[in-house]
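Notebook open, model loaded. I wanted to go through this one piece by piece and jot down what turned up.

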Amino acid sequence: MLINRSILIVQQVMEAFFNEDTKLARSVFQKDEHLDDINRKANGLLSEYIPSNLNNLEQALNTLSIIRKLERVGDQSKNIAEEIIFYVEAKVLKHTKPNKKKTNRE
């Protein structure tokens, strides 16, 4: 589930970039928040799991490491989405402002 969500976020941010789609870029924020939530809950879940499963300690720690790395994928995708929004909306504003160039006579 976590890896699928991470892959989806990357795909959506790429699509938002290629299509200059700020609405899609903004949708990444909520998906990143879901990954953040999973990451926050992981410590508690693993701290409950480990005492009764000491033989799986290495796997549990590897799982925690993977969760944190996938959460970072979400953070990086969110950063890219913010850049897309800034770029597209600044580009739109730039092209909609009236061009008032002063001449030497003014």
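I began with helix 1 and asked which of its residues are buried. I got Leu2, Ser6, Ile9, Gln12, Val13 and Ala16, taking buried as under 20% relative accessible area, exposed as over 50% and partly exposed as in between (1.4 Å probe, protein chains only). They sit on the same side of helix 1, because the arc they cover around the axis is only 130 degrees; that arc is taken from the directions from the helix axis to the C-beta atoms. On the other side of helix 1 I found Asn4 and Phe18 exposed.

A note on ground rules: this is a predicted model, so I took local features only at pLDDT of at least 70 and side-chain atom pairs only at 80 or more, while totals for chains, interfaces and linings use all residues. Numbering runs from 1 along each chain as its sequence is written, and side-chain values use heavy atoms, with hydrogens and water left out.

Next, the length of helix 1. Its 18 residues (2-19) should span 26 Å at 1.5 Å a residue, and the end C-alpha atoms are 26 Å apart, which agrees. The expected span is 1.5 Å times one less than the number of residues. Just after helix 1, glutamate 20 has a positive phi of about 50 degrees.

Then I looked for aromatic pairs (Phe, Tyr and Trp rings, the six-membered one for Trp, with centres within 6.5 Å; planes under 30 degrees apart are stacked, over 60 edge-to-face, the rest tilted). The count is 1. It is phenylalanine 17 with phenylalanine 18: the centres are 5.5 Å apart and the planes at 65 degrees, so I logged the pair as edge-to-face. Phenylalanine 17 is exposed at 52% relative accessible area, and phenylalanine 18 is exposed at 61%.

What does alanine 81 touch, leaving out residues up to four places away in sequence? I found Val13, Ala25, Val28 and Phe29, with contact meaning heavy atoms within 4.5 Å. Alanine 81 lies in helix 3 (residues 57-96) and is buried, with a relative accessible area of 0%. Alanine 81 and phenylalanine 29 are 52 residues apart in sequence, yet 8.0 Å apart C-alpha to C-alpha.

Last, the whole chain. I logged 3 helices and 0 strands, where helices (H or I, at least four residues) and strands (E, at least two) are DSSP runs numbered from the N terminus. Of the 106 residues, 30% count as buried. Among contacts between residues at least 6 apart in sequence, 73% join residues at least 24 apart.
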